[in-house]
Amino acid sequence: FPGELGIGRRQYHVFGSLVQSGAGQLMMLHFIDCTEFVRLRDAAETTRPAIAVIAIDNYEDLVKNTTDSEKSNILAGIDKRLFAWVKDSSAVLRKYDRDKYIFVIESAELDKLVARKFSVLQEVREIENHEGVVATLSIGIGREAPSISEADEMARQALEMAQGRGGDQAAEMTPDGFTFYG
């Protein structure tokens with residue numbers, strides 16, 4: 001009956017075995033201090049990177065029939081909201097195409113953004129062009145992958161899934177499947 005047990009500030013792996021004695025059967029418990037292992041495991045889990053790909057869903061409609069000045073203002077407004085959204089985290093956000101961004105963040109920091117229900121989706125909806133076209137984003141997240149390249153592939157699949165469901169949402173892909181926000 002192996003298990004993990006916390007006593008005070010220490011963590012122990014506990015193993016049990018039945019021992020025959022003259023008085024009958026006795027249960028012997030073995031406590032193995034694994035505090036450092038648990039600390040390292042938890043640190044590895046919370047600092048494991050997640051990859052996100054962010055796309056402006058309606059880029060073409062948003063900039064169609066706009067002046068260069070209005071186009072610049074719209075895109076700067078989206079950039080400003082995205083960079084403000086991640087500024088208090090350990091994330092790295094880079095624009096790599098006219099309508100796409102890549103985002104690398106530690107798992108624990110991503111949990112905070114999830115708790116805020118990807119508020120950037122609502123914030124970007126405040127931007128619209130002179131024709132009333134409202135800006136929307138889709139976010140695809142790859143998480144808990146064995147490697148960075150696999151997390152990137154999961155993020156791209158999650159982005160496709162979010163856009164396939166109509167956009168204006170975040171989709172998170174883990175080895176266990178998809179979770180949707182927004």
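**View A. Burial of Trp-85 and Phe-118 in the predicted model.** Trp-85 is buried, and Phe-118 is buried too. Buried means under 20% relative accessible area, exposed means over 50%, and partly exposed falls in between (1.4 Å probe, protein chains only). This is a predicted model: local features need pLDDT of at least 70, side-chain atom pairs count only at pLDDT 80 or more, and totals for chains, interfaces and linings use all residues. Residues are numbered from 1 along each chain as its sequence is written, and side-chain values use heavy atoms, with hydrogens and water left out.

**View B. Aromatic pairs around Phe-118.** The whole structure holds 5 aromatic pairs. One of them joins Trp-85 and Phe-118, with 6.0 Å centre to centre and 45° between the planes, a tilted pair. Rings of Phe, Tyr and Trp (its six-membered ring) pair if their centres lie within 6.5 Å; planes under 30 degrees apart count as stacked, over 60 as edge-to-face and the rest as tilted. Trp-85 belongs to helix H3 (residues 68-86) and Phe-118 to the loop between helix H4 (107-115) and helix H5 (120-124), so this pair ties together parts 33 residues apart in sequence. Helices (H or I, at least four residues) and strands (E, at least two) are DSSP runs, numbered from the N terminus.

Phe-118 also pairs with Tyr-181: the ring centres are 5.1 Å apart and the planes at 50°, so this pair is tilted. Tyr-181 sits in strand S9 (residues 177-181), 63 residues from Phe-118. Both Phe-118 and Tyr-181 are buried. Ring pairs link Trp-85, Phe-103, Phe-118 and Tyr-181 into a cluster.

**View C. A charge over a ring.** Arg-165 lies over the face of Phe-180, 3.7 Å from the ring centre. The criterion: NZ of Lys or CZ of Arg within 6 Å of the ring centre and within 35 degrees of the ring normal.

**View D. The S1-S2-S3 sheet.** This open sheet has 3 strands in the order S1-S2-S3, paired antiparallel. Two strands pair if DSSP finds at least two bridges between them. Strand S1 (3-7) and strand S3 (24-33) are the edges, each pairing on one side only. S1 and strand S2 (residues 10-21) share 5 bridges. Glu-4 stands opposite His-13 in S2. S2 and S3 are joined by 10 bridges. Val-14 has Phe-31 in S3 as its bridge partner. A hairpin connects S2 to S3 through 2 residues.
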